[in-house]
Amino acid sequence: MGNSVELIKKYLQPIYVETGCSAGDGILKASEAGAELLFGIEPNTEVHFTCLKKTKHLNFHHFDGTSERHINTVVLEIDKKNERAIFFLDAHKVGCCKGETYPLKYELAAIRKARRKDHIVMIDDVRLFGMELPDTKEEVEERLRKINVGYKIVCENSDTNEKDILVAYL
Ligand SMILES: C[S@@+](CC[C@H](N)C(=O)[O-])C[C@H]1O[C@@H](n2cnc3c(N)ncnc32)[C@H](O)[C@@H]1O
């Protein structure tokens, strides 16, 4: 269901991005783990206020809308810093609002265009691959290896499900 402070610490980078950041719980965990610059993308306007309220003390940039609309901008901002990031990709339909899609292929295409090829990519909800989430695990791994053929790919526990977060790292 979501990321954990322990997992973010294990792969910690100065920058953390969460797509589908919802009410900001993952952003708070990333800050607690030690990430310094935080980005979140979320189209559900009902959770914006809560998210902004919870994160107002953080160096957090909130993008109101879909990943399809904003992910390239976030990648360009990270390119300017030339620091490594964790991308936690958790944007998908939960049936709550307009504008929901499953934008993983756009997100991975944007990360592929990033200047650095050593970002950590985490993708949540492996158990739903090829079912509620349209991409199969094999398709996702193939796209990750187009970003960097050297990526090692493992599955880590989420805060609620075993081996449910795919992690690509070097
Ligand atoms: C499973 S929830 C995310 C939970 C959150 N990451 C957490 O751990 O607390 C999926 C989120 O993706 C959002 N979402 C749906 N389509 C999206 C899109 N195209 N771009 C970005 N977010 C999207 C939904 O509104 C929802 O908040």
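Asp125 counts as buried because it has 20 C-beta neighbours inside 10 Å, where buried means 20 or more other C-beta atoms within 10 Å of a residue's own, exposed means 12 or fewer, and partly exposed lies in between, with C-beta atoms placed from the backbone. Although Asp125 is not a glycine, its phi is positive, at about 70 degrees, and its place is in the loop between β5 (120-124) and α6 (137-147). The model is a predicted one, in which local features need pLDDT of at least 70 and side-chain atom pairs count only at pLDDT 80 or more, while totals for chains, interfaces and linings use all residues. Residues are numbered from 1 along each chain as its sequence is written.

**A second residue with positive phi**
- Asn82, which follows α4, lies in the loop between α4 and β4, and its phi is near 55 degrees, a positive value in a residue other than glycine.
- Asn82 counts as exposed because it has 8 C-beta neighbours inside 10 Å.

**The helix α4**
- The 15 residues of α4 should span 21 Å at 1.5 Å a residue, and its end C-alpha atoms are 20 Å apart, which agrees; the expected span is 1.5 Å times one less than the number of residues.
- In α4, the buried residues are Ser67, His70, Ile71, Val74, Val75 and Ile78.
- Seen down the axis of α4, these buried residues fall within an arc of 150 degrees, so they line one face of the helix; the arc is that of the directions from the helix axis to the C-beta atoms.
- Among the elements that cover the buried residues of α4 are β1, β2, β3 (60-64), β4 (85-89) and α5 (104-112), with contact meaning that the C-beta atoms of two residues, placed from the backbone, lie within 7 Å.

**The shell around the ligand**
- Of the 25 residues around the ligand, Gly2, Gly20, Thr66, Ser67 and Ala91 come nearest, a residue being near if its C-beta atom, placed from the backbone, lies within 6 Å.
- Two or more residues of this shell come from each of β1 (15-19), α2 (25-33), β2 (37-42) and α4 (67-81).

**The protein as a whole**
- The protein has 6 helices and 7 strands, which are DSSP runs numbered from the N terminus, helices being H or I with at least four residues and strands E with at least two.
- Of the 170 residues of the protein, 39% count as buried.
- Along its principal axes, the C-alpha trace of the protein spans about 40 × 35 × 30 Å.
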